[in-house]
Amino acid sequence: MARPSNTPSPSTRNKNIVDQAKGGEEEDEEEIVVSHIYPSFMIPDIFTGYPPVRDALVTDSSVAQDQIANECRHFVAGEDDILEYNEHGVPRLSRDKHIRFLHLALGGLPGRFVAVDASRPWFLYWAISGLTILGEDVSRYRNAVAETARSMQNDTGGFGGGCRQLSHMATSYAVVLALALVGGEEAFEVIDRKAIWRWLCRLKQPDGGFQVCLGGEEDIRGAYCAAVIIKLLNLPLDLAPESPAWTEEGDKNLLTGLGDYVRRCQTFEGGISGQPDAEAHGAYAFCALGCLSLLGHPSQVIPRYLDVPRLIAWLSSRQYAPEGGFSGRTNKLVDGCYSHWVGGCFPLIEACLSGATTGGADLAAGSLPPAPESLFSREGLIRYILCCCQDLTRKGGLRDKPGKSPDAYHSCYVLSGLSSAQHQWELVPPEEQEEEPASAGTEPATSTTRSVAAAAVADPLWVVLPYFEGVQIFDQRDRVRPIHPVYAIPHRNQQAIRNYFLAKEGF
Ligand code: FPP
Ligand code: K
Ligand code: ZN
């Protein structure tokens with residue numbers, strides 16, 4: 001149902017904000033329309049009104065912010081004519097359209113895509129991951145992905161963006177995840193593990209971090225991608241002598257100093273930057289938490305290296321109202337992809353805090369309080385995703401924000417974010433973990449059955465449940481598949497690839 005015709009049109013305050021932002025005319029008394037509560041919709045005021053606190057200083061950033069808040073409010077407040085809202089003011093997930101969009105993204109692309117040729121491995125991962133989250137069986141792409149991956153692999157280790165392109169940490173990460181998603185021996189056997197291990201050794205730096213390619217920049221993407229690759233492929237941690245981090249004493253390995261490198265990326269704002277002394281950004285917060293979560297039990301490792309309360313304050317500041325979605329950094333706009341990069345941080349933070357109740361989090365300076373029920377507004381994020389990020393006018397697919405075109409990248413990460421908003425992940429505390437069997441995980445797509453994700457006894461044990469609040473604002477049929485909070489693929493796929501390589505002796 002679209003907005004009932006007897007409901008008020010967008011507010012006059014709405015116009016005021018835009019005028020003011022443009023540095024416009026003097027207003028005597030700003031007319032404040034508190035909210036638009038449509039009798040037939042149950043939409044909390046926070047998503048139908050305007051932010052109570054606004055920066056009085058008009059800048060390009062504040063103008064852009066007001067315009068986007070305004071535009072998103074229209075969709076979130078139940079005013080759009082194309083969206084069909086349920087009684088909570090939330091539209092359905094157009095699953096079939098998005099599935100079609102992502103299958104098409106795996107086919108031939110128009111000529112202008114030549115500009116992103118070096119990101120072909122990413123397109124593989126984004127489309128296949130999006131399809132997986134939507135419940136599609138992607139094993140039909142096994143052959144094609146294996147062949148494409150083979151053409152991108154270099155004898156000197158790792159995967160480039162295409163045939164004979166330089167190996168890069170990001171493209172290698174994307175290829176490994178795409179192979180894990182299609183699954184099966186044929187896909188796993190493409191990977192030259194010995195070569196990728198040697199290549200990672202050459203990228204490892206004496207200060208603990210990783211370069212993203214030989215002679216390239218060292219940043220936190222390198223730290224996260226390397227940790228994921230090492231874990232999924234069960235690579236040995238020993239350093240080859242050609243590593244810049246190798247020492248004669250033999251006291252360093254691939255993970256030595258990695259936590260300290262991540263620590264140096266936390267900024268004065270509390271967020272995480274790509275490299276020490278740069279600007280905090282949500283994508284890098286996810287890389288930091290993901291990386292640390294692979295170094296041991298998150299409840300122990302995360303507080304050892306990060307100021308968690310300051311990080312939580314920064315992460316919380318990323319969620320806006322009335323939009324409901326997340327921004328990537330201070331004074332910037334909401335964007336659907338941060339549903340994953342920022343939204344995906346919360347399960348890791350929650351896991352870190354849940355250890356606090358059991359003594360897992362051993363902070364030198366005092367202990368962390370236990371996590372509250374939820375550290376962000378799942379409802380707000382779900383509203384932003386379903387109201388603002390679906391392109392229903394034409395071909396389907398998910399997008400950054402209204403007015404932007406859908407693409408595979410945003411489709412993948414908007415859906416990943418939807419998945420984390422719809423599920424609750426719990427981590428078994430380290431001291432209880434030994435008693436749990438390292439059983440194969442099964443996924444509760446829509447049920448309330450607990451499932452256990454454990455690759456090996458030493459790996460942190462994640463348990464996933466569908467998340468239910470008092471009132472569920474979205475249709476139960478729109479609950480998407482859970483994905484592992486660290487690897488961003490279903491835990492069944494994560495286990496399959498890791499177990500495959502765990503069973504191998506040597507390379
Ligand atoms: C700013 O873009 C974006 C960044 C500074 C970082 C982007 C990095 C990632 C999305 C992923 C990195 C992670 C891996 C695993 C490779 P912008 O200025 O266009 O957007 P903004 O205004 O929202 O900050
Ligand atoms: K952006
Ligand atoms: Zn984006």
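## Domain interface and ligand site

Between domain 1 and domain 2 the rule finds zero salt bridges, a salt bridge being a side-chain nitrogen of Lys or Arg within 4 Å of a carboxyl oxygen of Asp or Glu. This is a predicted model, in which local features need pLDDT of at least 70 and side-chain atom pairs count only at pLDDT 80 or more, while totals for chains, interfaces and linings use all residues. Residues are numbered from 1 along each chain as its sequence is written, chains are lettered from A and ligands numbered from 1 in the order in which they are written, and side-chain values use heavy atoms, without hydrogens and water.

The domain assignment, automatic or from a database, places domain 1 at 10-76 and domain 2 at 95-502. Their contact (heavy atoms within 4.5 Å) takes 17 residues from domain 1 and 20 residues from domain 2. Together they bury about 1,400 Å², of which 71% is on carbon and sulfur atoms; buried area is the accessible area (1.4 Å probe) lost on putting two parts together, summed over both. Phe47, Phe75 and Val76 supply 36% of the area that domain 1 buries against domain 2, more than any other three residues.

Residues around ligand 1 (a heavy atom within 4 Å) include Trp122, Arg221 and Cys287. The table lists distances from side-chain N or O atoms to an oxygen atom of ligand 1.

| Residue | Distance to ligand 1 oxygen |
|---|---|
| His281 | 3.1 Å |
| Lys332 | 2.7 Å |
| Tyr338 | 2.7 Å |

The protein covers 70% of the 630 Å² of accessible area (Shrake-Rupley method, 1.4 Å probe) that ligand 1 has on its own.

Methods
Polar contact = N/O pair within 3.5 Å; in protein donor to acceptor, adjacent residues only side chain to side chain.
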